[in-house]
Amino acid sequence: MTIIVTGGAGFIGANFIFHMMKAHPDYRLVCLDKLTYAGNLSTLAPVMDEPNFRFAKLDICDREGVYRLFEEEHPDMVVNFAAESHVDRSIENPEVFLQTNILGTQVLMDACRRYGIQRYHQVSTDEVYGDLPLDRPDLFFTEETPIHTSSPYSSSKAGADLLVLAYHRTYGLPVTISRCSNNYGPYHFPEKLIPLMIANALNDKPLPVYGTGENVRDWLYVEDHCKAIDLILHKGRVGEVYNIGGHNEMRNIDIVKIICKALGKPESLITFVTDRKGHDMRYAIDPTKIHNELGWLPETKFADGIQKTIQWYLDNKAWWQTIISGEYQNYYEKMYGNR
Ligand code: NAD
Ligand code: TYD
C-alpha cells in the first residue's frame, strides 16, 4: 500500500505521517509538500531516513510534477492535507487560498482519475458549515448541515469539498471527505490560537484575544483526528462525508486562562484586541455518524491533551523559536502591531 500524503510537513499532516508509520509499518508513505511558510522539513526529521518514507518538494498546483510523482509511485491512496489554513491570512490575501485549496485539489483528483486510485481523501473542516449562535447550545453541525461559509479560507475549503463530491458523481472517483473541528497538539504553527498563546506567554508577551474572547471552538487532540482519518480510509464508505469532533467546546478566553495557569503566568498578560472580520461565533460537531459507522471516539481528554501540548512546546523550544524569529516577525507586526 502506497499513500501520498500532501501537506505532510504541516501540523496535522506530519502527525498523520507519524501515526501511519507506527500503525501500518508495511505501508509506503510519500509526503508531497511545497514547504510554504507553514511547512517545516525539520518536523519530518524522525522519519526522513526510513526506507518506507519519501519526501517530495512539490506544489499540488503543479500538474506536471504531480503526474510525474504518480507515475513514479503508483499510489493506492491520496490524503490531501495541503492547504492554506489560516483564516486571518485569508482575510488579508484570499487568492492563494483559492489557488491551493481549490485548484490544487482539482490537480490531485485529475491525477487520481488518470492513473487510477483506490481512495482520494479530502481533509476538510467544520468551518464549511459557517457558525452557530452562542445562545443555542442544542445545535450542532451534522453532515446534512448546509454549507454556509464566512471567510475566504472556509469558502475555499467548501469549494474544494463540492468539487470532490462532483468528481465522485461525475467521474466515479472513489472519494471520502472528513470535516474536523479545531485541532491542537505538537507541531502546531504558532500563528494559531493555542501555540501562539503558549509562545507569547513563555516570552512574557501580551496575549491578544480577539473581541471579547467568548467565541467557542470544539477542540480535538490531533492524534484523535489522525486515527479518525485512518479509519475512514480503511472502513469509510466511498462518496461519504464524515464529521470529526469530540464534544469539547471551549471559549477562547478560557483556553488562554488555562495556558496562563499551566505556565504560571499572570492573566494580566491577556489583552483584548480588535475582533477578526466576520468572526465565527461557535463551532460544534455532532460526531454520531463516524461513531455509529466506524466506532470512532476521541481518546484524549482536553485536560490531558493541553498538558501534553504545553509540555511539548516546553521541550521543543528550538522548533518554534526558529519559526518566530524569522519571517513570522513581519507577519506578527502586520497582524497585531496596531490592533
Ligand atoms: P498547516 O498550515 O499547518 O500545514 C499545511 C501544509 O500544506 C504545509 O506543510 C504547507 O507547506 C503545505 N502546503 C500549502 N500549500 C501547498 C501547496 N500548494 N502544495 C503543496 N503543499 C502545500 O495546516 P494544518 O493545520 O496541518 O491543516 C491541514 C489540513 O487540515 C488543511 O487542509 C486544513 O484545512 C485542515 N484542517 C485543519 C484544522 C486545524 O485545526 N488545524 C481543522 C480541520 C481541518
Ligand atoms: P485559530 O487558531 O486561528 O483557528 P480558527 O479561526 O480556524 O478557529 O483561532 C481560534 C480562535 O481563537 C478563533 O475564535 C480566533 C481566536 N484567536 C484569538 O483570539 N487570538 C489570536 O491571536 C488568534 C490567532 C486566534
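The model is predicted: local features need pLDDT of at least 70, side-chain atom pairs count only at pLDDT 80 or more, and totals for chains, interfaces and linings use all residues. Residues are numbered from 1 along each chain as its sequence is written, chains are lettered from A and ligands numbered from 1 in written order, and side-chain values use heavy atoms, without hydrogens or water.

**Aromatic pairs**

- A pair of aromatic rings is described by the distance of the centres and the angle of the planes.
- Rings of Phe, Tyr and Trp (its six-membered ring) pair if their centres lie within 6.5 Å; planes under 30 degrees apart are stacked, over 60 edge-to-face, and the rest tilted.
- The count by this rule is 21 aromatic pairs.
- Tyr67 and Tyr115 are edge-to-face, because their ring centres are 5.9 Å apart and their planes stand at 75°.
- Tyr67 sits in helix H2 (residues 63–73) and Tyr115 in helix H4 (residues 95–115), so this pair ties together parts 48 residues apart in sequence.
- Helices (H or I, at least four residues) and strands (E, at least two) are DSSP runs, numbered from the N terminus.
- Tyr67 is buried, at 14% relative accessible area, while Tyr115 is partly exposed, at 30%.
- Buried means under 20% relative accessible area, exposed over 50%, and partly exposed in between (1.4 Å probe, protein chains only).
- Phe189 and Tyr328 also form an edge-to-face pair, with 6.2 Å centre to centre and 65° between the planes.
- Phe189 lies in the loop between strand E7 (183–184) and helix H6 (193–202), and Tyr328 in helix H12 (residues 328–336), so the pair ties together parts 139 residues apart in sequence.
- Both Phe189 and Tyr328 are buried.
- Ring pairs link a cluster that includes Tyr37, Phe189, Tyr210 and Tyr328.

**Charges over rings**

- A charge sits over a ring if NZ of Lys or CZ of Arg is within 6 Å of the ring centre and within 35 degrees of the ring normal.
- Arg89 lies over the face of Tyr37, 3.6 Å from the ring centre.
- Lys289 lies over the face of Tyr242, 4.9 Å from the ring centre.

**Ligand 2**

- Ligand 2 is surrounded by 19 residues (a heavy atom within 4 Å), and the closest include Glu127, Arg217 and Tyr336.
- A polar backbone atom of Pro208 is 2.8 Å from a nitrogen atom of ligand 2.
- An N or O atom in the side chain of Asn252 lies 2.8 Å from an oxygen atom of ligand 2.

Terms used
A polar contact is a pair of N or O atoms within 3.5 Å; within protein, one must be able to donate a hydrogen and the other to accept it, and residues adjacent in sequence count only if both atoms are side-chain atoms.
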